[in-house]
Every structure is written in C-alpha cells, then in structure tokens.
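Work through the exercises below with the model in view. Each task is followed by its solution.

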Amino acid sequence: MNIAKLKIASFDFTCCEGCQLQLANRESTLSDFLELLDIRNFREILSEKHDDYDIALIEGSISRQDEVERLLKIREQAKVLVAFGTCACFGGINSLKNRFRMDETVREIYGDMAIETLPVKKISDVVKVDLSIPGCPVAKEEVERIIVSLATSSLVTLPKYPVCVECKQQLNTCLFDLGEICLGPITRAGCNAVCPTGKTACLGCRGPAEELNMPAFLELVRERKLSHSDLQEKLAFYNAFEPVATDET
Ligand code: SF4
Ligand code: SF4
Ligand code: SF4
C-alpha cells in the first residue's frame, strides 16, 4: 500500500524527555517506523528543524510563560496535536510542585536567583488537544500502533479496561493480597502491567480507565484496612485522578 508520509514534529516542554527517547530507542522497529514519517522536528532524532508539520507530539507539562507562548504557536500550525506522555496528558510528576508554596520552594532551592516558574499545567489546560497518549514513559508499541493508525486514517484506540486485566493475564500475585494498595483496578491498561509484574504497585501513570468502578475500588481499600493517606498519595502522584476523585478519596 502506498501511504503518504506523515509530517510530524516532536516538542519537549517541562519533562525528562523519556517519552521521546522511548520512541527513538526502539531500534528493532525504528527504521520501519521512520519509513512512515517525514520528521520535521525531533531533537533526539535529527538536528534539522522545519516549521511545516501536520502532527505535533507535545511532551511535558507547562510551567513557564514562554512555554505557553511556544505551545500556542505550535497549536496554530498543527492539524493534529497529541499530548504525548503523562506529563502532557495530566501534568504528571511535575505537578507535585503545585502542592508547595512556590515562593518558599524557589528561595530554598535557588536562594536569591531570579527564577520564573508557574504552577504546572497539563497541555489541555492551555490548548485544544486532539489525541492523548498516556504513560510515564509512553509504551512504544502503543505509540507505533497509533502513528500507523494516523498514517492509514484508521480509528485510533486505547484500551478502555484497567491494568488488572493485563496483570491477571501474566498470572501475577495481586499486591492487595500482599497488603499493598495498587491502582491497577482503576488505571487504563496498555503498559502490559509492567509495574505489578515487577512487584511494584501501579501508581496510575496512564490515568483513569474508562471502564473503572471507583466505589468497588474504594471498598477494596477499606475492606483490607489499608492506609487512606497511602491511597491519597498514590492517587495524587501523577495528578491523573482528579477527574474521577470522589469525596471519599
Ligand atoms: S511522562 Fe514520564 S517519561 Fe515522559 S517526559 Fe514525563 S516524566 Fe518523562
Ligand atoms: S497487582 Fe494491581 S494490577 Fe495486579 S491484579 Fe492486583 S490490583 Fe490489579
Ligand atoms: S503499571 Fe501503572 S504505573 Fe506502571 S506503567 Fe502501567 S499504568 Fe503506569
């Protein structure tokens, strides 16, 4: 099939750039993947920069005024703007700073140096987002699948079900049975349950599953007499669960 190459650009904002690196590091499929793409801007992959692109991958959250202005310009150019990774989709780990008083924190870290910083925002707080690909970092296979869908004008989908489905498929022992709170029951699948498979609780980096049952999840935490503050800490970690938070959380 003859597919027109997608003019794509990737831009990083406040983040660790781990999501862009995920894409660039997948050597086994990178050359096939690049066949689909006309890369116009992508710091990790090429040094040239061009301003004409159709798809913009936006990595990171927004924490300075100059980032707001840069993002608005990208929005004007891009036909499809993608929030790429958890920082972009939800604010991510950077949002932890919103819990502290900025003036005191800046003074503590930088002393008298002038530092410009804003409370962290997710990309959709600033511009319209056409598509969100969550994950800290994103799952490479999922990104490739989505880019192929865009290139072939096919429907773009993310799993609606929670991480527990993938975790059960791997025959893992449930961390709730080991006395830990895991956010797998309420988090969108698509990472192949990488954390619980490694015996670490899911902290919900992929955000809320569409098919989630929050009351049942909260009942499970209560029934097991697990710590409410631990639950709150985990729910707040990536700033991803605000939209589904209830009075009980
Ligand atoms: S989502 Fe995670 S891996 Fe991606 S840029 Fe943010 S902190 Fe880094
Ligand atoms: S360990 Fe977490 S993801 Fe796995 S089944 Fe238990 S709650 Fe679900
Ligand atoms: S298990 Fe949870 S925290 Fe870990 S990658 Fe998957 S969604 Fe993110």
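**Exercise 1.** Describe the overall make-up of the chain.

Solution. Start with the secondary structure: the chain has 10 helices and five strands, counted as DSSP runs numbered from the N terminus (helices H or I, at least four residues; strands E, at least two). Next, take the radius of gyration, computed over C-alpha atoms. Its value of 19 Å is close to the 18 Å from the globule rule for 249 residues, so the chain is as compact as a globular protein of that length. The rule is 2.2 Å times the number of residues to the power 0.38. Finally, the C-alpha trace spans about 55 × 55 × 30 Å along its principal axes.

The model is predicted: local features need pLDDT of at least 70 and side-chain atom pairs pLDDT 80 or more, while totals for chains, interfaces and linings use all residues. Residues are numbered from 1 along each chain as written, and chains are lettered from A and ligands numbered from 1 in the order written.

**Exercise 2.** Locate the two domains and describe how they meet.

Solution. An automatic or database assignment sets the bounds: domain 1 covers 6-151 and domain 2 covers 163-244. Their C-alpha centres are 25 Å apart. Then count contacts (C-beta atoms, placed from the backbone, within 7 Å): 12 residues of domain 1 touch nine of domain 2. On the domain 1 side, helix α4 (residues 86-90) gives the most, with three residues.

Conventions:
Two residues are in contact if their C-beta atoms, placed from the backbone, lie within 7 Å.
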